Amino acid sequence: MTPTLTVDALTKRYGQTVALDSVSVDLVPGEVTVLVGRSGAGKTTLLRCVNGLETPDEGTVQYDGTPLAPPDVALVFQGGALTGRKTALENTLDGGLARESRWRELFGWHAPAEKRAAVTRLHDVGLAGMADRRVRTLSGGERQRVGVARALHQRPVVLLADEPVASLDPATARDILALLADAIREHDLVGLISLHQPTLASDIADRYLGLTDGQITLDTSATDVSDDDIAMVYE
Ligand SMILES: Nc1ncnc2c1ncn2[C@@H]1O[C@H](COP(=O)(O)OP(=O)(O)OP(=O)(O)O)[C@@H](O)[C@H]1O
């Protein structure tokens, strides 16, 4: 049977604010789901609850019937959240730290096979020959490519992205989204990408999930969704 990421009755409150209100959804590997919704609808909170950065007040997140371990979920942020003084290779290697032995993690030493794998990942995201470049010297698009390489080097089963292209020009944004979508399909990951610009979503989405005031108000395959369906989420 296909493993499923099961989000079940997830509720998250911040004081009087109900950021997520009993959200339930099943996501399957290899499918790109685009999460849309107005500012404050709960998109980031949902992603943070799935990757364990937030603890929900109620509800559960399980993959194939069991809770996820931290390395199983990778999150790509806007701007990449990388370490600027480190090289592209070092940032990529950081993605795999949780899967290396404890002393290696402590000292930041990496097994040769890990280094080879990280170089391959940089190659795969279009950064061949740039492994030794410090991230602060890279363009926004290149940084986000490193962010994707690092996320993949974590060997996740779930790949989340929170507004991954918000600060990029439209052409670069399309390239980065295509990279994420290809990675989700090629590595058979559960993929959930929140986007402010739904117009960018149509190239990559297999499915649309819409949040309004912490509740799911849209859950439709890309083949069936209409512009009106998406506009409704933003009303
Ligand atoms: N740490 C926090 N403390 C208090 N309130 C919070 C916190 N994080 C989120 N919220 C509130 O929860 C609600 C959902 O926020 P969230 O960031 O998930 O929305 P979003 O859809 O990601 O918005 P945006 O598109 O602007 O990033 C908002 O009302 C927000 O103010």
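Predicted model: local features only at pLDDT ≥ 70, side-chain atom pairs only at ≥ 80, totals over all residues.
Next, step back to the whole protein. The protein is divided into two parts, domain 1 and domain 2. Domain 1 is made of residues 1-68 plus residues 157-235. Domain 2 covers residues 82-156. How far apart do the C-alpha centres of the two domains lie? They lie 25 Å apart. The contact takes 14 residues from domain 1 and nine residues from domain 2.

Look at the side of domain 1 that touches domain 2. Strand β7, residues 158-162, supplies at least two residues there, and so does helix α6. The largest share comes from α6, with six residues. By class, this side of domain 1 has ten nonpolar, three polar and one charged residues.

Two packed helices are described by the angle between their axes and the distance between the axes. Take helix α5, residues 140-153, and helix α6, residues 170-186. Their axes come within 10 Å and cross at roughly 10 degrees. Why is α5 called roughly parallel to α6? An angle under 35 degrees counts as roughly parallel, so the crossing makes α5 roughly parallel to α6.

Which residues meet between these helices? From α5 come Gly141, Gln144, Arg145, Val148 and Leu152. From α6 come Thr172, Asp175, Ile176, Leu179, Leu180 and Ala183. By class, this contact has six nonpolar, three polar and two charged residues. Arg145 lies on the α5 side of the contact, and Asp175 on the α6 side.

Last, consider the scores of the model. The protein averages a pLDDT of 92. At least 70 is the score of 95% of the residues. The model has an ipTM of 0.97 and a pTM of 0.94.

Definitions and conventions. Residues numbered from 1 in each chain as written. Axes fitted to C-alpha atoms, helices over the stretch in contact; angles between N-to-C directions. Helix = DSSP H or I, 4+ residues; strand = E, 2+ residues; numbered from the N terminus. Parallel < 35°, antiparallel > 145°, perpendicular 65-115°, else oblique. Contact = placed C-beta atoms within 7 Å. Nonpolar A, V, L, I, M, F, W, Y, C, P; charged D, E, K, R; others polar. Domains from an automatic or database assignment. pLDDT = per-residue confidence, 0-100.
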